[in-house]
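Trainee: Can we go through this one together? I'd like to start with helix packing and then move on to charged pairs.

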Amino acid sequence: MTSTTAREAGLDAQLSKRELEVWGTNVHLRPEELDPREVWWRDRYQQLHIRGHRLRARYSPEWVPSWTTSNKNWEDCEDGKRLEVWVLFFFFTTDSHKFASQYGQVIDATRISDGKVVTLKRINKTEHPYEVDIGLYFSSKALASLPANHCVPIYDVFTLDDDENITIMVMPLFRPYTNPRFDTVGEVVECFRQLFEGLQFMHKHRVAHRDCMHRNLMLDPTRLYPKLFHPVERNMNEDCKGIAKHFTRTQRPPKYYFIDFGISRQYDPAITDPMEIPIWGGDKEVPEFQNSHGPCDPFPTDVFYIGNAIRKDFILRKLGFEFMKPLVADMTQPDPAKRPTMDEVVARFDDIRRGLSYRKLRSRVVDVDEDLYERVVRTASHWKRRIEFVARRVPAVPSVSP
């Protein structure tokens with residue numbers, strides 16, 4: 001073995017070890033090998049089945065990889081899809097181990113009673129003692145049906161036989177809020193409205209999310225994707241044999257939701273200015289956390305999180321959202337005391353929305369890095385839909401029916 005080859009082998013070994021330490025998995029496993037995160041779910045397959053939820057074939061104790069009994073490549077087989085790992089994005093962050101833990105905690109399943117695809121989340125009550133209670137609070141009969149409630153619904157909660165400290169929470173199958181791509185500015189405006197409304201609703205009920213960054217913003221895909229999609233390969237059909245077809249948000253407006261209440265807190269209304277020791281969420285840019293570990297009010301931090309998500313996902317990555325810059329600048333300014341409350345954000349955004357022209361709302365959402373070919377193709381398909389929507393008098397700002 002040459003010195004170069006030996007050095008490369010050594011680096012591969014170090015990378016594999018580091019991935020295993022941080023993520024509980026690594027990219028060097030064979031396709032038929034389950035990583036430790038997957039083994040945990042596999043070992044509880046029967047318990048979950050008894051409680052009415054069936055995991056995918058990959059996690060059955062009797063699983064035989066389909067590609068071993070056929071001529072197919074494992075990459076083309078549904079049971080070759082392992083749980084998501086965000087290695088490339090987070091691997092080199094200094095505190096990636098804190099963020100990585102949640103990715104082995106979530107898995108998709110089928111509810112046996114009606115065939116509905118759901119999400120199961122494993123919660124350690126010692127580490128996250130409030131998550132279940134807050135989730136159930138917003139899913140209570142009194143709050144669940146309120147239009148302003150954009151907290152993820154909780155279908156069921158149960159413990160497993162082998163560890164009473166672990167709770168399984170059953171929720172809908174969602175998609176990231178920016179996927180599929182937005183077609184029009186009006187669609188984005190409705191998304192902003194719902195997210196602001198949802199965070200305002202949480203704050204009115206004295207709940208600070210404390211991690212409402214972009215990865216915890218989701219949408220209900222059932223209207224956009226009537227035939228759904230594969231839970232891991234979201235652009236593919238459930239069987240991974242074709243592209244998952246979907247409608248635009250103008251055709252089938254979705255509802256947007258907040259997920260993950262792991263570090264959320266609910267406060268007594270009498271406590272007007274709660275103070276909490278900072279807990280780092282997924283967004284590492286919170287100004288008040290940079291140079292101090294002193295307690296601070298978590299509600300202005302929520303305002304920063306949602307404002308920064310809009311800044312990074314739209315103002316910096318899309319063209320035509322200059323109208324949001326002044327509000328977002330105030331929401332993300334360094335001094336938390338100078339940020340608007342969510343009541344003020346909602347009021348200001350309502351003024352902004354009413355000031356947008358019909359033409360602006362109908363205009364196409366354009367990526368900053370869009371190349372000429374993409375621009376031509378997307379513009380042509382956009383105008384075809386636009387003419388049809390105008391002729392049919394479809395609203396420029398889609399809204400979800402109550």
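Trainee: How are α8 and α12 oriented to each other, roughly parallel or roughly antiparallel?

Mentor: Roughly antiparallel, because helix α8 (residues 185-204) and helix α12 (residues 342-354) pack at about 160°, and angles over 145 degrees count as roughly antiparallel, under 35 as roughly parallel, 65 to 115 as roughly perpendicular and the rest as oblique. Their axes are 9 Å apart. Axes here are lines fitted to C-alpha atoms over the stretch in contact, with angles from 0 to 180 degrees between N-to-C directions. Helices are DSSP runs of H or I with at least four residues, strands are E runs of at least two, and both are numbered from the N terminus.

Trainee: Which residues of α8 and α12 make the contact?

Mentor: With contact meaning heavy atoms within 4.5 Å, α8 brings residues including Val189, Phe192, Phe196 and Leu199, and α12 brings Met342, Val345, Val346 and Phe349 among them. By class, the contact has eight nonpolar, two polar and five charged residues. Ala, Val, Leu, Ile, Met, Phe, Trp, Tyr, Cys and Pro count as nonpolar, Asp, Glu, Lys and Arg as charged, and the others, Gly among them, as polar.

Trainee: What should I know about the model itself?

Mentor: It is predicted: local features need pLDDT of at least 70, side-chain atom pairs count only at pLDDT 80 or more, and totals for chains, interfaces and linings use all residues. Residues are numbered from 1 along each chain as its sequence is written, and side-chain values use heavy atoms, with hydrogens and water left out.

Trainee: New topic. How many salt bridges are there?

Mentor: The count is 33, taking a salt bridge as a side-chain nitrogen of Lys or Arg within 4 Å of a carboxyl oxygen of Asp or Glu.

Trainee: Which partner does Arg44 have?

Mentor: Asp162, at 2.8 Å from N to O. The two are 118 residues apart, with Arg44 in the loop between α2 (36-42) and α3 (45-50) and Asp162 in the loop between β4 (156-160) and β5 (163-172).

Trainee: Is Arg44 buried or exposed?

Mentor: Buried, at 14% relative accessibility, while Asp162 is partly exposed at 45%. Buried means under 20% relative accessible area, exposed over 50%, and partly exposed in between, with a 1.4 Å probe and protein chains only.

Trainee: And what does Arg364 pair with?

Mentor: Glu370, with the closest N and O atoms 2.9 Å apart. Arg364 is buried at 13%, and Glu370 is buried at 8%.
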